[in-house]
Amino acid sequence: MDCPTYRTVTTMASEVLAKPQMRGLLARRLRIHMVGAFLVSLGVAALYKFAVAEPRKKAYADFYKNYSPEKDFEEMKKAGIFRSIK
């Protein structure tokens with residue numbers, strides 16, 4: 001049984017669909033993903049710097065601005081932390 005409509009449908013479908021690009025596909029996709037990964041990593045680094053590192057540095061600076069090791073030692077001595085010192 002000859003089926004000419006089958007040939008017509010496949011011919012019409014092949015005219016409508018574009019051929020997939022296979023040559024250079026990996027390089028093109030890799031380039032797009034590398035740019036995206038670079039931008040995401042820059043964003044994460046900036047977020048870490050301004051959300052974690054800078055507040056931590058400020059907290060350390062504020063702590064050591066008024067820190068007295070002698071006063072801290074005397075408070076620990078009164079609390080009984082050092083058993084060998086009277």
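Is Lys-65 buried or exposed? Lys-65 is exposed, with a relative accessible area of 62%. The model is predicted. Its side chains give four salt bridges and four aromatic pairs.

**Salt bridges**
- Asp-62 and Lys-65 form a salt bridge, with the closest N and O atoms 3.7 Å apart.
- The two are three residues apart in helix 2, so about one helical turn separates them.
- Asp-62 is partly exposed, at 35% relative accessibility.
- Salt bridges with shared partners link Lys-49, Glu-54 and Lys-57 into one network.
- In the bridge between Glu-54 and Lys-49, the N to O distance is 2.7 Å.
- Lys-57 also bridges to Glu-54, where the closest N and O atoms are 3.5 Å apart.
- Lys-57 and Glu-54 lie three residues apart in helix 2 (residues 25-65), so they too are about one helical turn apart.
- Lys-57 is exposed at 52%, whereas Glu-54 is partly exposed at 28%.
- Lys-49 is partly exposed, with a relative accessible area of 37%.

**Charge over a ring**
- The charged end of Lys-49 sits over the ring of Phe-50, 5.6 Å from the ring centre.

**Aromatic pairs**
- Tyr-64 and Tyr-67 form an edge-to-face pair, because their planes stand at 85°, with ring centres 5.6 Å apart.
- Phe-63, Tyr-64 and Tyr-67 make up one aromatic cluster.
- Tyr-67 is partly exposed, at 33% relative accessibility.
- Phe-73 and Phe-82 have ring centres 5.5 Å apart and planes at 35°, so this pair is tilted.
- Phe-73 is partly exposed at 31%, and Phe-82 is partly exposed at 28%.

Terms used: Residues numbered from 1 in each chain as written. Predicted model: local features only at pLDDT ≥ 70, side-chain atom pairs only at ≥ 80, totals over all residues. Heavy atoms only, no water. Phe/Tyr/Trp six-rings, centres within 6.5 Å; stacked < 30°, edge-to-face > 60°. Buried < 20%, exposed > 50% of the residue type's maximum accessible area, 1.4 Å probe, protein only. Lys NZ or Arg CZ within 6 Å of the ring centre and 35° of its normal. Helix = DSSP H or I, 4+ residues; strand = E, 2+ residues; numbered from the N terminus.
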